[in-house]
Amino acid sequence: MSDTTLAKGYEPVDVEARWLSFWAESGAGTADPDADGDPFSIVIPPPNVTGTLHMGHALNLTVQDILCRHMRQLGRKVLWVPGTDHAGIATQNVVERALAKEGSSRHELGREAFIERVWEWRKEYGGKILNQIRRMGASVDWTRERFTMDEGLSKAVREVFVRLYEEGLIYKGDYIINWCPRCQTALADLEVEHSPKKGALYQLRYVLADGSGELIVATTRPETLLGDTAVAVHPEDERYAAFVGKMVKLPLVGREIPVIADAYVDREFGTGALKVTPAHDMNDFDLGRRHNLEILQVMDGEGNMNAAAGAAYQGLSREACRKKVVEDLKEQGLLVSVEEHDHSVGECYRCKTVVEPHVSPQWFVKAGPLAEVARAAVETGRTQIYPEQWTTTYYHWLDNIRDWCISRQIWWGHRIPAWTCQACGKLIVARQDPAACDCGGALQQDPDVLDTWFSSALWPFSTLGWPDKTPELKAFYPTSVLVTAFDILFFWVARMMMMGLHFMDEVPFRHVYIHALVRDAEGKKMSKSTGNVIDPLIMIDKFGTDALRFTLTAFAAMGRDIKLSEERIEGYRHFVNKLWNAARFSLMNLPQELPGVPLDGELPLHHAWILHRLEEMKQATSAAIQDYRFNEAAQGLYSFLWLEFCDWYLEAAKSDLSGEDEAAKAQAQQCLWTVLSELLVLLHPIMPFVTQEIWSHLPGHAQKDISKVPYPAARPQHVKPQAVAMMSLLQEVVVSVRNIRSELSISPALKLDCLVRTADPADLAMLRDNERLITLLARLGSFTAGPDVTAPKASASAAAGGNAVFVPLAGAVDFDAELARLNKELAKTAKEAEIVARKLANEDFTAKAPAEVVAKEREKDEMLRGKVAKLEELKGRIETLKS
RNA sequence: AGGACCGUAGCUCAGGGGGAGAGCACUUGCUUGACACGCAAGGGGUCAGGAGUUCAAAUCUCCUCGGUCCUACCA
């Protein structure tokens, strides 16, 4: 497989396809519960089966994959469970739309045939998203893929439902819930989205039945007056004290309803008198229960007025009814005023229809006791949330939690395991479908299904086989970390916490990592309707998976949203290509058989320096990934590869690789191979494909699958911080020559000479040792360093540290240009020197600041003084020459 | 109403008590033996504003202004 030539540019398409099938065949992600090593496990946030991959998924998958791949490198036993969610309402809507196109409907098909149809749909489209997960390079365990409607997971759902019912934590009752008249189903509070709407505030006249006065009430929904069963005022409101206990005549209807007193009423709002419609308003419902008011429904499930609304209004839609009611009131002189009023209106999160509060028999989970435990688990640190700021949000939601409505009047989902006896009316909740009631009566199963999030809440343990006692459950629960975006913190994370703690007696995950939301370049949330979606697959086809993954990683700073644009991904493709070309160059200079030179003892500066920096990168990269600082890992590797490895090390190594010194050449090959190999392993979790492709061409590796290569061990003998200081002096000398060349417009082709005068023995030794290197990097004809180097008359000069750098110029020197150049550098350096000097002059600083800070400042002071002095001297020299 | 986050180079953003950074864009010069998806050298900042804590503040605290988002309520 080893091959020393690579194509000139990196072409991701073939490479990715090749390694995807390689990893699929080798079962790269397959976990072994009995293997050695500390377990590390993640369950994927299951995307909707019928959905397609969006950028949020792409980021989510990238983060999880980096963690999993890195943990494998560290020798952990890793399980990453993939899967999908049945997304009840959303999926049912999609299939219903398809049916509508065919001129059919679910009612025409009937329940069983419809469900059959959804399964077919799932079979056809459910594979799409899984394939997209594959394309992202996600190293999940495909042998353990799950779907929320699988047999095993359905069993878990039923077990949980029955147990919660037996424990009194699930109950059924007639309550007011959010109802979507279009989807024809109940919605949980969370599934209602509020958006501000322009509306009107109507003031209506309610006349006392005994004719002794009138009350003006304010309302935004005049049509609901048909269902009013009281008028409420604040008990301490003097304006209305006399009215309490009396009856008023309901306008248009004529029914007499009581005036009640309740502290809920806000005296400041409107007129301070509130019409009470228990059947059609959440707060009125509570009010009605407190005062034993009749619950009068005047609307049906489709949002149309029913018989109870009266003959004049029956059959009208809620919108039409409002118009007619207002007209009728106006006619009768009962409409006092109409003013504009902005308020927020609840909409169905799936279809955006205005939600109608609706009283109906529903199933609820008593959330309080579960929430308390879920809160405590985070408080005591059993589960940690990253970034930490989200814990406040998590607490706040749990502290104000209301019972969770879990029944949905749709067909696609887990059917509620409850039966009512047609004979005696007994309610049976059971694990196994019962045949008949004890009384012998026939049973009818509850037609409703469960909220999709009910099954999602069990995901961390249901996917591992619960309620059976499986090896997976034993080895991998609790999972290590949950990776998700904040928008499902309540929907999903909090509920998994509740269920996991209740049924497993242990948190579902040790950590929760909340990552960014991916937005468009303007910071708007990407959505199909706005048309600002960037399709990850199109980006993958265009720039490659690695470029996309690296982009997302580099921008994935904790607690921040990502503004993504195509140009950015394109930019990181250049980085992938840079790596490719660095490898290409390396391979051109590496033999098939590694020389096997040991890299110890005193090494030439550039080798010692890059090996030291590599040690730092190894330490920093792993630490950053384990702390969820993915952007730091990516940015560190980016600048190491580009600005250090490519710009300096490879250039420096050219002097060895193309030279005649065979020993130096062999040593350089060994060092280059070592750094490149380990760098590939470091980059692999972020960019699996390109690193694998290069790896497969590199000689000397028995393990051809880079995903199986352990993280490189630390080499303490290569930690040499002095090498960094020496290398930066070398760089400073080289840069100063390049600067002279550039600013004095000297052709790059022209070889210059360079002389350095230095009083420092260590600097001198280094400069002399690296003559060949400096000559190459600065494109010199000759290089001389010494303690008493004299400056040729016609020469440009610069300061490198406290050393003088001279570049003799063949022709006439432009003294003015040279002076300007030196002055610029002097001004910059003098400014820095002054800041440091001022600091050191401050006695408080030298007395109170930590010793190492003061020492560092003194060192800096010395260096800057030296440089300033040198620049002044050089400047003086030019001035003398000029005159 | 309550809460969270953000304001740093033209743009997008890192950093988070001790030398103001990156990418892109910009200027200049380059067929330098992997790379023009490139190389080299540059220009560019009141770290939103104000006050405080500190020997030292872009960084911590408070206030003001501007922006984003979440939760709740809105008869």
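A residue is near a molecule or strand if one of its heavy atoms lies within 4 Å of it. Keep that in mind for the RNA stop below.

Before you click anything: this is a predicted model, where local features need pLDDT of at least 70, side-chain atom pairs count only at pLDDT 80 or more, and totals for chains, interfaces and linings use all residues. Residues are numbered from 1 along each chain as its sequence is written, chains are lettered from A and ligands numbered from 1 in the order in which they are written, and side-chain values use heavy atoms, with hydrogens and water left out.

**Stop 1: the RNA**

Select RNA strand B and the residues around it. There are 56 of them, and Ala218, Thr219, Asn283, Ser344 and Arg560 come nearest. Of the RNA atoms that come within 4 Å of the protein, 66% belong to sugar and phosphate.

Now colour that surface by residue type: 20 residues are nonpolar, 16 polar and 20 charged. Here Ala, Val, Leu, Ile, Met, Phe, Trp, Tyr, Cys and Pro count as nonpolar, Asp, Glu, Lys and Arg as charged, and the others, Gly among them, as polar.

Which helix gives the most to the surface near RNA strand B? Helix 17, with 10 residues. Helices (H or I, at least four residues) and strands (E, at least two) are DSSP runs, numbered from the N terminus.

- His574: an N or O atom of its side chain is 2.8 Å from a sugar or linking oxygen of RNA strand B.
- Asn739: a polar side-chain atom sits 2.6 Å from a phosphate oxygen of RNA strand B.
- Arg779: a polar side-chain atom is 2.9 Å from a base oxygen of RNA strand B.

Stay on Arg779 for a moment. You'll find Arg779 in the loop between helix 24 (771–777) and strand 27 (780–786), with a positive phi near 55°. Arg779 is partly exposed because its relative accessible area is 42%; buried means under 20% relative accessible area, exposed over 50%, partly exposed in between (1.4 Å probe, protein chains only).

**Stop 2: inside helix 17**

Go back to helix 17 and pick Ser586. Is Ser586 buried or exposed? Buried, because its relative accessibility is 0%. A polar atom of the Ser586 side chain lies 2.8 Å from the backbone oxygen of Ala582. Leaving out residues up to four places away in sequence, Ser586 touches Leu650, Leu672 and Leu676, where contact means heavy atoms within 4.5 Å.

**Stop 3: the cores**

A nonpolar core is a set of buried Ala, Val, Leu, Ile, Met, Phe, Trp, Tyr and Cys residues joined through side-chain atoms within 4.5 Å. The largest one here has 198 residues, and those with the most contacts inside it are Met55, Leu67, Tyr394, Phe454, Met499 and Phe645. Helix 19 (residues 630–657) gives the most to this core, with 14 residues. A second, separate core has 30 residues, including Leu215, Val233, Val259 and Leu329.

**Stop 4: helix 7**

Select helix 7 (residues 282–290), whose buried residues are Met282, Asp284, Phe285, Leu287 and Gly288. Among the elements covering them are strand 5 (170–180) and strand 12 (273–276). At the N-terminal end, Asp281 caps the helix: one of its side-chain oxygens lies 2.8 Å from the backbone nitrogen of Asn283. Just after the helix, Asn292 takes a positive phi of about 50°.

**Stop 5**

Most residues other than glycine have a negative phi, and most peptide bonds are trans. Some exceptions to click on:

- Tyr386 to Pro387: the peptide bond is cis, with omega near -10°. Pro387 is in the loop between strand 15 (384–386) and helix 10 (390–399).
- Tyr477 to Pro478: another cis bond, with omega about 0°. Look for Pro478 between helix 13 (471–476) and strand 22 (479–485).
- Asp505: phi is near 60°. Asp505 counts as exposed because its relative accessibility is 63%.

**Last stop: zoom out**

Colour chain A by domain: domain 1 (30–169 + 368–403 + 448–515), domain 2 (185–357), domain 3 (565–719) and domain 4 (752–882). These bounds come from an automatic or database domain assignment. The centres of domain 1 and domain 4, taken over C-alpha atoms, are 62 Å apart.

Note on methods. A polar contact is a pair of N or O atoms within 3.5 Å; within protein, one must be able to donate a hydrogen and the other to accept it, and residues adjacent in sequence count only if both atoms are side-chain atoms.
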